[in-house]
Amino acid sequence: MNTASWVLIGSEAWRGALAAVQSLGGAVTAVVVGPRELADDVATAGPAEVLWLEPADGIPAEAYAETLAAVVTAAAPRVLVATSDPIGRVLLGSASAQLHARLVPGVVGLAWDGEKVLVQRAAVGGATIETLATDGPVAAIYAGDEVSLPASAPAPMSRLDLVPAAMRVVASEPLAVATGLDDAERVVSFGRGVHAKDDVSLVRGLAEALDAELACSMPIADDLGWLEKSRYVGRSGNHITPALYLAVGIAGAAQHMEGVRGAKVVAAINSDPEARIFQTADYGIVGDLYEVIPALIAEVHK
Ligand SMILES: Cc1cc2nc3c(=O)[nH]c(=O)nc-3n(C[C@H](O)[C@H](O)[C@H](O)COP(=O)(O)OP(=O)(O)OC[C@H]3O[C@@H](n4cnc5c(N)ncnc54)[C@H](O)[C@@H]3O)c2cc1C
């Protein structure tokens, strides 16, 4: 069984990652991307060997990701751990893709269980630790605590002379998403009172009948994806100033209403007479939107 482990180090916070790899017990190869002093420090903390890569002036470490991944892949380590910094993450991403390794973020510990690698990682926002077992190669981003490591005799160090990939950044105009909401005269907006994605066509029909733009509350766009994110209204979305804002099946949370402070008239359809939106709406219809909307459309067509 190949028990070789590698650690990719891209910043000063590397001791926890190295210790996690060393806890597996096999020979550890440390790849250090950065200044020589960093590589020297790592070399005296117990790895079997250090491969040192110093990016050329003006070349970002990311430019070496592909060629470095080829070096890692040639050694085919069973476990590959990176420090949790931009360099470590980019290098690990390329290497894990070439190695066909399982990429696991948030790792706090590693162990062997026979031929399986056990990966402990923080879950539920750090409230609990879960253990994953895998019999394939693992690429882990270390997110545990820093530790102190005993000094050892310096490990042999080799300099990696890798060719950076040709990188080109093309700056282009930002893509403005035109929704028409900014200068719309009328906006019909819907929330979670609409129960199914297929029912969005009902509200769209009302918007068309009123020659209005269609908008929504945040959960409709963010959680459900029933409308583009560029179309939700509120504190973190659009702030709009239409002559009429018709809110359909929207509770009227403060965060939502912040987006329509500038509306001249706010009207609401809601089945709950206690709905918060009725506290701020100028006009309100208490009713089931599935009954009210067809009736409204029929009225408009008259
Ligand atoms: C930091 C932060 C920022 C936020 N920013 C935004 C934001 O920018 N925009 C935003 O929208 N939200 C935002 N929110 C979320 C906000 O707090 C509310 O959770 C959200 O607006 C609720 O969406 P909703 O009204 O569609 O859903 P719900 O709260 O579920 O309300 C659904 C409403 O539909 C009614 N209803 C149900 N069935 C029917 C029916 N058949 N006919 C008629 N009415 C019916 C119900 O009575 C209810 O009032 C933010 C929250 C946080 C914490």
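Two strands are said to pair if DSSP finds at least two bridges between them. Strands (E, at least two residues) and helices (H or I, at least four residues) are DSSP runs, numbered from the N terminus. In this predicted model, local features need pLDDT of at least 70 and side-chain atom pairs count only at pLDDT 80 or more, while totals for chains, interfaces and linings use all residues. Residues are numbered from 1 along each chain as its sequence is written, and side-chain values use heavy atoms, with hydrogens and water left out.

**Domains**

- The protein chain is assigned domain 1 (5–159) and domain 2 (186–301), with bounds that come from an automatic or database domain assignment.
- Between the C-alpha centres of domain 1 and domain 2 there are 50 Å.

**The nine-stranded sheet**

- Nine strands make an open sheet with mixed pairing, in the order S7-S6-S5-S8-S4-S1-S2-S3-S9.
- Strand S7 (128–134) and strand S9 (157–159) are at the edges; each has a single partner strand, so one side of each has no neighbour in the sheet.
- From one strand to the next the twist averages 30°, where axes are lines fitted to C-alpha atoms (for helices over the stretch in contact) and angles run from 0 to 180 degrees between N-to-C directions.
- Strand S1 (residues 5–9) is joined to strand S2 (residues 28–33) by five bridges, and the two run parallel.
- Ser5 has Val28 as its bridge partner in S2.
- S1 also pairs with S4 in the parallel sense, over four bridges, and Val7 has Val81 as its bridge partner in S4.
- S4 and strand S8 (residues 138–142) run parallel and are joined by four bridges; Val79 stands opposite Val138 in S8.

**Strand S4 and its two faces**

- In a regular strand the side chains alternate between the two faces of the sheet.
- Strand S4 (residues 79–82) is covered on both faces: Val79 and Val81 are buried on one side, and Leu80 and Ala82 are buried on the other.
- Buried means under 20% relative accessible area, exposed means over 50%, and partly exposed is in between (1.4 Å probe, protein chains only).

**Thr67**

- Helix H3 (residues 65–75) contains Thr67.
- With a relative accessible area of 28%, Thr67 is partly exposed.
- Thr67 and Pro164 are 97 residues apart along the chain, and their C-alpha atoms are separated by 7.3 Å.

**The five-stranded sheet**

- Another open sheet has five strands in the order S11-S10-S12-S13-S14, with parallel pairing.
- Strand S11 (213–216) and strand S14 (283–286) are the edge strands, and each pairs on one side only.
- The twist here averages 20° from one strand to the next.
- Five bridges link strand S12 (residues 244–248) and strand S13 (residues 265–270) in the parallel sense, and Val248 stands opposite Ile269 in S13.

**The ligand**

- There are 26 residues around the ligand, and those that come nearest are Ser217, Val233, Ala251, His256 and Asn270; a residue is near a molecule or strand if one of its heavy atoms lies within 4 Å of it.
- An N or O atom in the side chain of His195 is 3.2 Å from a nitrogen atom of the ligand.
- A polar backbone atom of Met218 is 2.8 Å from an oxygen atom of the ligand.
- A nitrogen atom of the ligand lies 2.8 Å from a backbone N or O atom of Val233.
- The ligand taken alone exposes 980 Å², and the protein buries 73% of that; accessible areas come from the Shrake-Rupley method with a 1.4 Å probe, and for residues only the protein chains shown count as cover.

Notes. Polar contact = N/O pair within 3.5 Å; in protein donor to acceptor, adjacent residues only side chain to side chain.
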